[in-house]
Amino acid sequence: MPDPGPDEILLKVAAVGMCRSDYQLLDGYFRDPFPVEFPYIPGHEIAGRVAGLGSAVPATMDYSENDMVVVNPSWGDGTCRQCREGNEQLCSGSGRWVGFGPAGGFAEYVAVEHRHVIPVSEEAASRPEFLAPMTDAGMTPYRGMTKLRDTGKLGPGRVIAVTGIGGLGSYGVQFAKLLGGGATVVAFARSDSKLDVAEENGADHGVNVGGKSTEAIQDELERLTGRRTVDAVLDCVGSEDSVAMGFDLLGPEGALASVGLMSHRVQHRQFPFVGTEQSYLGSFWGNQLDLAAVLSLAEAGLVKHNVTKVELDDVNENLQALGRGDVVGRQVIVFE
């Protein structure tokens, strides 16, 4: 049990989501910016109950013991331009991310600066396993989809593709329907079980792209939508193959937003990219307003969760399953 600093809240963790980036962190994907020395406590998707308040936590925050909150995982320094604009996840100063340095939620207690928590209603507090994934698996594809929406590529008669139906993509297809303005949503995945989840979550069509050529995927896309290209892609994988496939399927003036982080480098063909004025958007995590938005959508009953509750004792085995890509939806460690 850590001792909270003057401006921190001590949280008793109720639920913490398991993200593939937790596996990647321990496996060395982020070794340059985030070197790991064991023992290490990751876990950045956190919902917890107030267990103590630091001496400098403002009384106006009016927290009582056992109140449920969720944690905004990006802790900027509050002084750089990105932080002042509200995008602390992009902090160019001395920002931190919980679980990527500061001890995370794969533990019974965690200390969090008071300005990085968001209270939730009593009704929402009854299902912390649904709250925790909103802080990344929900917020990240939501922000990516708002970027695609803001490019003007969505709307009636358009086709949106969501690539990779894992923790992020299972929410991504839902935000494609919610924010797509009537666009047709197509899910791409390498297993029929993941496509089943995508269609249960609102995707209009699903295409199993495993082992298929671009032409074969286009044939299937044309059969389903009447078109061989798409207007927008939300890539929740971030691998060389997925990004290359996205650009191969992207039509003129199309946009691809990448939120996945599987490969270190990706490639695409330069002439179609320039010659048809396509756009490539990086979209990283989300800010506190993005988190508040997805929490509101979830509380309004507009978000479906594909959550499997697991135990802390099994954390290492479940991290390995994430690394293999065996997990459909989100595994969430539940403490209560």
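Which strands does helix α6 lie across? Select residues 169-179 to see helix α6, which lies across β8 (159-163), β9 and β11 (230-235). Helix α6 runs at about 165 degrees to β8; angles run from 0 to 180 degrees between N-to-C directions, and axes are lines fitted to C-alpha atoms, for helices over the stretch in contact. Helices (H or I, at least four residues) and strands (E, at least two) are DSSP runs, numbered from the N terminus.

This is a predicted model, in which local features need pLDDT of at least 70, side-chain atom pairs count only at pLDDT 80 or more, and totals for chains, interfaces and linings use all residues. Residues are numbered from 1 along each chain as its sequence is written, and side-chain values use heavy atoms, with hydrogens and water left out.

Next, select the sheet. Its 6 strands are ordered β10-β9-β8-β11-β12-β13, and the sheet is open with parallel pairing (two strands pair if DSSP finds at least two bridges between them). From one strand to the next, the twist averages 20 degrees.

Now select residues 184-189, strand β9, which pairs with β10 over 4 bridges. Here V186 stands opposite H205 in β10.

Move to helix α9, residues 240-249. Helix α9 touches β8, β9, β11, β12 (250-258) and β13, where contact means heavy atoms within 4.5 Å.

Last, select helix α5, residues 139-150, together with α6: their axes come within 9 Å and cross at roughly 35 degrees. Residues in the contact include Y142 and M145 of α5 and F175 and L179 of α6.
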